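Please work through each task before reading its solution.

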Amino acid sequence: MMRRLGPGKLVIASHNRGKIPEIAELLGPHGIEAVSAIDLDLPEPEEIGTTFVDNAMLKARAAADLSGLPAIADDSGICVDALSGRPGIYSARWAERTIDLPPDAAPGEAKVERDFRFAMQRVHDEVLAQGPEASRDAHFICALAVCWPEDGQCEVFEGRVDGLLVWPPRGDRGFGYDPMFQPIGYDQTFGEMEPGAKHAMSHRADAFRKLVAALIDTPSLP
């Protein structure tokens, strides 16, 4: 039996400053006070799962255990048909690149940062390498996991949105791969859309609608 999620504090188990406000905005209308893993200074667990669901559960369970509060975690990524579904669960890791440090840095020392302009270029280059007829079809997947601290119970919901890759990227809204993804039926990329328009139809919104239907009591109409 699924446990209900009532008003009160809920940890957003993410260190991604792009995802946190999107999830908080989805939670707000339901009387849920969102605090992030960053706010609570929680460590970021290593994502060792092999699926979006695995990683979402791993992050939510870790945050619930450490905070003593229910926690929600998102694991999401872009899956490109021409690349056999890559980068998929490695979407964030495709954005990692090593930054050169000053000459006086300790031997072997290096700094890794996430640069999604670099990641989008990598996706584009790898699709081009498949040949001129390579498909531009892609989709975003989101797995949302909610875990409780008392007994480790977790519930997971998945969402998806289909679209096409565009080049060059368009728009400076959103985050991650949003500027190169144009959802089917729309003439704007996620990077060009007003936040409200994206939140109404994104993969995260799709997963969240399923979460609300299953876990959150909504007032009935008179």
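Helices (H or I, at least four residues) and strands (E, at least two) are DSSP runs, numbered from the N terminus. The model is predicted: local features need pLDDT of at least 70, side-chain atom pairs count only at pLDDT 80 or more, and totals for chains, interfaces and linings use all residues. Residues are numbered from 1 along each chain as its sequence is written, and side-chain values use heavy atoms, with hydrogens and water left out.

**Exercise 1.** Describe the surroundings of Lys 9.

Solution. 
- Step 1: Lys 9 belongs to strand E1, which covers residues 8–12.
- Step 2: Its relative accessible area is 46%, so Lys 9 is partly exposed; buried means under 20%, exposed over 50%, and partly exposed in between (1.4 Å probe, protein chains only).
- Step 3: Apart from neighbours within four places in sequence, Lys 9 is in contact with Glu 33, Leu 69 and Pro 70, where contact means heavy atoms within 4.5 Å.
- Step 4: Lys 9 and Pro 70 are 61 residues apart along the chain, and their C-alpha atoms are separated by 7.5 Å.

**Exercise 2.** Locate the salt bridge between Arg 122 and Glu 126.

Solution. 
- Step 1: A salt bridge is a side-chain nitrogen of Lys or Arg within 4 Å of a carboxyl oxygen of Asp or Glu. By this rule the count comes to 19.
- Step 2: For Arg 122 and Glu 126, the closest N and O atoms are 3.3 Å apart.
- Step 3: Both residues lie in helix H3 (residues 116–128), 4 residues apart, about one turn of the helix.
- Step 4: Arg 122 is partly exposed, at 32% relative accessibility.

**Exercise 3.** Which parts does the pair Glu 192 and Arg 170 tie together?

Solution. 
- Step 1: The side chains of Glu 192 and Arg 170 form a salt bridge of 3.2 Å, N to O.
- Step 2: Glu 192 lies in the loop between strand E8 (181–183) and helix H4 (195–201), and Arg 170 in the loop between strand E7 (154–165) and E8, so the pair links parts 22 residues apart in sequence.
- Step 3: Glu 192 is partly exposed at 23%, and Arg 170 is partly exposed at 28%.

**Exercise 4.** Are Lys 198 and Asp 178 buried or exposed, and which network includes them?

Solution. 
- Step 1: Lys 198 and Asp 178 meet in a salt bridge (2.5 Å, N to O).
- Step 2: Lys 198 lies in helix H4 and Asp 178 in the loop between E7 and E8, so parts 20 residues apart in sequence are tied together.
- Step 3: Lys 198 is buried, at 3% relative accessible area, and Asp 178 is buried, at 3%.
- Step 4: Salt bridges that share partners join Lys 19, Glu 22, Asp 74, Asp 178, Lys 198 and Arg 204 into one network.
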